[in-house]
Amino acid sequence: MPIKDLSLALLTIVAWGLNFAVIKLGVVGVPPMLLAALRFVCAVFPAIFFFRAPRVPLHLYLAYGLLISVGQFALLFTAIHVGMPSGLASLVLQAQAFFTLVFAALFLGEHWKANQLAGLALAGVGLALIGSSHGQAMPLLGFALTVGAAAAWAGGNIVSRAVAQHGPINQLAFVVWSSLVPIGPFLALSWWLEGPTAISTALTHLSATSVASVLYLAWAATLFGYGVWTWLLSRHPANRVAPFSLLVPLVGLSTGWVVFGEALHAVHFAGGALLMGGLLLNLFGDRLLRRRQPA
């Protein structure tokens, strides 16, 4: 991967790593479905007036918006709202890299290599260890919702690859226009699950922290983060880009510890180490195997 692309990927990692602490701050004053709706309203307006919609089939806009935006964030925001620690959420969500490997094989015909299968198995054991630690510090529901969010994100990664087949497009414009899709579903979910009273109360008592959270989620995490991510997926194979997201927990766990004092137990360290080991196998295992082969 060229240095420019690598640098953009790492900047995205930082933006997304901080994202989890911002969500935790945001859901304190705004119900999760409403927070998600506000996020995408601010991502769309006024940016949509400066970008022409790329020539991509409508069903891809819908699929991307429903998977990456509605599916992922409805589950993730709810998980953090019910008590999932922000740092652990940043770790578990990166299972999307391995869901992406599975979905890419099923839907795109990308082939697995031995190191990717080994990394997938190692990461699976790590997730199982983390999940086994559920209790007051990490509710099982929060863990399950975060795993579901990872699967939804992976589905969106596959849609990004399908979008790339329609030729070079403005990736930021695609993210902006696809952000129209989740606004209606999130408003409907908020009305149904949170109720008009909660919506009215939150909107009439918005704090500076809530406003800052919404703007960060809209501009840094959505427009910058997903604009760059979609652009990278259009230039490189999904199984090469997706594993970089496993670096997000380095930022997310550190931020959760510094800002909220979130402490990890031994089982979390063990599970996290296995998950990160899966990343290393996926990224570098094939290269190491080739070096060991006799010339």
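Trp 229 is buried, with a relative accessible area of 1% (buried means under 20% relative accessible area, exposed over 50% and partly exposed in between, with a 1.4 Å probe and protein chains only). The model is predicted, so local features need pLDDT of at least 70 and side-chain atom pairs count only at pLDDT 80 or more, while totals for chains, interfaces and linings use all residues. Residues are numbered from 1 along each chain as its sequence is written, and side-chain values use heavy atoms, with hydrogens and water left out.

**Aromatic pairs**

- The structure holds 14 aromatic pairs; rings of Phe, Tyr and Trp (its six-membered ring) pair if their centres lie within 6.5 Å, and planes under 30 degrees apart count as stacked, over 60 as edge-to-face and the rest as tilted.
- Phe 40 and Phe 186 form a stacked pair, because their ring centres are 6.0 Å apart and their planes are at 5°.
- This pair links distant parts of the chain, with Phe 40 in helix α2 (residues 32–44) and Phe 186 in helix α9 (residues 183–204), 146 residues apart; helices (H or I, at least four residues) and strands (E, at least two) are DSSP runs, numbered from the N terminus.
- Phe 40 and Phe 186 are both buried.
- Trp 153 and Trp 229 form a tilted pair, because their ring centres are 6.1 Å apart and their planes are at 55°.
- Trp 153 lies in helix α7 (residues 140–164) and Trp 229 in helix α10 (residues 208–235), so the pair ties together parts that are 76 residues apart in sequence.
- Trp 153 counts as buried at 2% relative accessibility, and Trp 229 is buried at 1%.
- One aromatic cluster is formed by Trp 16, Phe 40, Phe 73, Phe 77, Trp 153, Phe 186, Tyr 226 and Trp 229.

**Charges over rings**

- The charged end of Arg 39 sits over the ring of Phe 73, 4.0 Å from its centre; for this, NZ of Lys or CZ of Arg must be within 6 Å of the ring centre and within 35 degrees of the ring normal.
- The charged end of Lys 24 sits over the ring of Phe 260, 4.6 Å from its centre.

**Salt bridges**

- The structure holds two salt bridges, each being a side-chain nitrogen of Lys or Arg within 4 Å of a carboxyl oxygen of Asp or Glu.
- Asp 5 forms a salt bridge with Arg 235, and the closest N and O atoms are 3.1 Å apart.
- Asp 5 is buried, with a relative accessible area of 1%, whereas Arg 235 counts as partly exposed at 45% relative accessibility.
- Glu 262 and Lys 24 meet through their side chains in a salt bridge (2.7 Å, N to O).
- Glu 262 lies in the loop between α12 (248–260) and α13 (266–292) and Lys 24 in helix α1, so the pair ties together parts that are 238 residues apart in sequence.
- Glu 262 counts as buried at 13% relative accessibility, whereas Lys 24 is partly exposed, with a relative accessible area of 25%.

**Nonpolar core**

- The largest nonpolar core has 73 residues, of which Leu 76, Phe 77, Phe 186 and Tyr 226 touch the most other members; such a core is a set of buried Ala, Val, Leu, Ile, Met, Phe, Trp, Tyr and Cys residues joined through side-chain atoms within 4.5 Å.
- Helix α3 (residues 58–81) supplies the largest share of this core, 11 residues.
- Leaving aside neighbours within four places in sequence, Phe 186 is in contact (heavy atoms within 4.5 Å) with Met 33, Ala 36, Ala 37, Phe 40, Ser 69, Val 70, Phe 73 and Ala 74.

**Single residues**

- Asp 5 is found in helix α1 (residues 3–29) and, leaving aside neighbours within four places in sequence, is in contact with Trp 231, Leu 232, Arg 235 and His 236.
- Ser 178 is found in helix α8 (residues 171–178) and is buried, with a relative accessible area of 1%.
- Ser 178 touches Tyr 61, Tyr 64 and Gly 65, not counting residues up to four places away in sequence.
- Leu 140 is in helix α7 and is partly exposed, with a relative accessible area of 46%.
- Leu 140 and Val 248 are 108 residues apart in sequence and 22 Å apart in space, C-alpha to C-alpha.
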